[in-house]
Amino acid sequence: MSAAVAAYDVNNIFARILRGEIPCKKVYEDEHALAFHDISPQAKIHVLVIPKGAYVSMADFSAKAGDKEIAGFVRAIGRTAEMLGVVESGYRLLANHGPNSHQEVPHLHVHIFGGQALGRMLAVERKA
Ligand code: 5GP
C-alpha cells in the first residue's frame with residue numbers, strides 16, 4: 001500500500017454503519033455499495049455512496065479494488081442519482097482524499113449533491 005494511504009480503521013463510522021451498528025437513512029443498497037443521506041446535509045439533497053469493501057479513500061480503492069467492485073460502485077452511484085431524481089436537473093459528485101481535502105471519515109465515500117443550483121465548483125481561491 002502507498003505510504004500516503006493510512007491503514008483502514010475497522011471502527012470508522014461508515015464501517016459501523018455497514019455492520020448495522022449505527023442507523024442510517026438508506027437510499028440504495030446492492031452487493032457492492034450502500035447509499036444514505038448525509039447526517040449534516042450541505043445541499044437540499046446530500047447523499048453519500050460507500051463501497052462495501054474496506055477502502056480508506058479513492059486512492060486506496062483505485063489501487064486495490066477489483067474490476068467488479070469498481071464497476072459495481074460506479075453503477076451504484078449512477079443508480080442512486082437516478083433514485084434521487086437528480087439526473088435531469090443535475091448533480092455534483094465529490095470524493096475527498098487526504099489532508100488537503102479535509103477528509104473526515106476514512107472509508108471511501110462519494111458525496112452526491114443536488115436538488116438546487118450548486119454554484120461554482122470550489123469555494124476556495126486558487127493559490128498561485
Ligand atoms: P468527508 O469530509 O470525510 O468527505 O465527509 C464526511 C461526511 O460524513 C460529512 O459530510 C458528515 O456530515 C458525514 N457523516 C459523519 N458522520 C456521519 C454519520 O454518522 N452518519 C451520516 N449519515 N453521515 C455522517
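Keep in mind that this is a predicted model. Start with the largest nonpolar core: it has 19 residues, and V49, F73 and L84 touch the most other members. Two or more residues each come from β1 (26–29), β2, β3 (45–51), α3 and β5 (110–114). The top contributor is α3, which gives five residues.

Leaving aside residues up to four places away in sequence, F73 touches H32, A33, V49, I50, P51, F61, L108 and V110.

There's also a second, separate core of seven residues, with F14, L34, F36 and L48 among them.

Now for the rings. Searching the whole structure turns up three aromatic pairs, and two of them look like this:

| Pair | Geometry | Centre to centre | Angle between planes |
|---|---|---|---|
| F14 and F36 | edge-to-face | 5.5 Å | 75° |
| F61 and F73 | edge-to-face | 5.3 Å | 70° |

What does the F14 and F36 pair tie together? F14 sits in helix α1 (residues 13–18) and F36 in strand β2 (residues 33–37), so the pair links parts 22 residues apart in sequence. F14 counts as buried because its relative accessibility is 6%, and F36 is buried too, with a relative accessible area of 3%.

Methods: Residues are numbered from 1 along each chain as its sequence is written. This is a predicted model: local features need pLDDT of at least 70, side-chain atom pairs count only at pLDDT 80 or more; totals for chains, interfaces and linings use all residues. Side-chain values use heavy atoms; hydrogens and water are left out. Rings of Phe, Tyr and Trp (its six-membered ring) pair if their centres lie within 6.5 Å; planes under 30 degrees apart count as stacked, over 60 as edge-to-face and the rest as tilted. Helices (H or I, at least four residues) and strands (E, at least two) are DSSP runs, numbered from the N terminus. Buried means under 20% relative accessible area, exposed over 50%, partly exposed in between (1.4 Å probe, protein chains only). A nonpolar core is a set of buried Ala, Val, Leu, Ile, Met, Phe, Trp, Tyr and Cys residues joined through side-chain atoms within 4.5 Å. Contact means heavy atoms within 4.5 Å.
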